[in-house]
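Hi everyone, thanks for coming.

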Amino acid sequence: MIVKDIKMGLLSINQSGSIEVLANQVNGKPIYLANELDIAQDGSIYFSDTSNYGRVTFKEIAENKPHGRLLKYDPMTKQTTVLLEGLYFANGVALSADGDYVLVAESYHYQLTSYWLKGPKKGTSDIFADNLAGFPDNITRDEQGHFWVGIFTTRLSFVDQMHRSPWLAGIMAKVPESLLSGASAPAKHGLAAEFGPQGELIGSWHDPEGSLYGVTTAASHNGYLYIGTAPGGSKGVHRVLLTK
């Protein structure tokens, strides 16, 4: 199994439980918060380093500054390289069906960014989808080559206000986090979005009653949507029947 550990980095765990650290630094600097990954057919591992803060913090939401990276681990050379840096809370990662690009979610900018691995755009990046209805978290790809994105929370009005007002963001970034308990808790509105391979929005799943919210992962399989949630949202893993 290939595992991301927020403290240890990128790990490989064999069937007997032995742990091998594949990568815990890049370019002489630590991997601060290894988050999500996807593995290409050649074994290359693409993964996000969410923030050089090393943890999820309200200060980073308020500041709205780019501290994240998209990384690649090459199992042949055992080398890790930086593909993209300056990302706004780098989160979910997923490869396209034919491996010509890899997506990374930038949670605090409400967008998905694509990094091209093949073709004339190789080595460049584009905005795949932007102005999402909330903070995108993990990304999964289904049998059709569509991407499902878990939205941890729909837009929080006070966060949007901070991003529009640098002076307010500066003030809030200095407030002790002990006084901000629950300030960034997810809205009680479950949301997952489905995108086509060109970034087109195919559809979305909503739970406006909030019985299932704080969605981190949405995986579509055999007519069902499998939902994972994070602390602060609903508990557990859920299966929802997909209907048109």
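Let's begin at a hairpin: strands β18 and β19 form it, with two residues between them. In that turn, N222 has a positive phi of about 55 degrees. A word on terms: strands here are DSSP runs of E with at least two residues, numbered from the N terminus. Two strands pair if DSSP finds at least two bridges between them.

Before going on, the background. This is a predicted model, where local features need pLDDT of at least 70, side-chain atom pairs count only at pLDDT 80 or more, and totals for chains, interfaces and linings use all residues. Residues are numbered from 1 along each chain as its sequence is written, and side-chain values use heavy atoms, leaving out hydrogens and water.

How many bridges join β18 to β19? Six, between residues 215-221 and residues 224-229, and the two strands run antiparallel. Look for T217, which stands opposite G228 in β19.

Strand β19 also has β20 (residues 237-241) as an antiparallel partner, with five bridges joining them. Here Y226 has R239 in β20 as its bridge partner.

Now please turn to another sheet. This one is open, with four strands in the order β10-β11-β12-β13 and antiparallel pairing. Which strands are at the edges? They are β10 (90-95) and β13 (125-129), each pairing on one side only. From one strand to the next, the twist averages 30 degrees; axes are lines fitted to C-alpha atoms, and angles run from 0 to 180 degrees between N-to-C directions.

Within this sheet, six bridges join β11 (residues 101-106) to β12 (residues 111-116).
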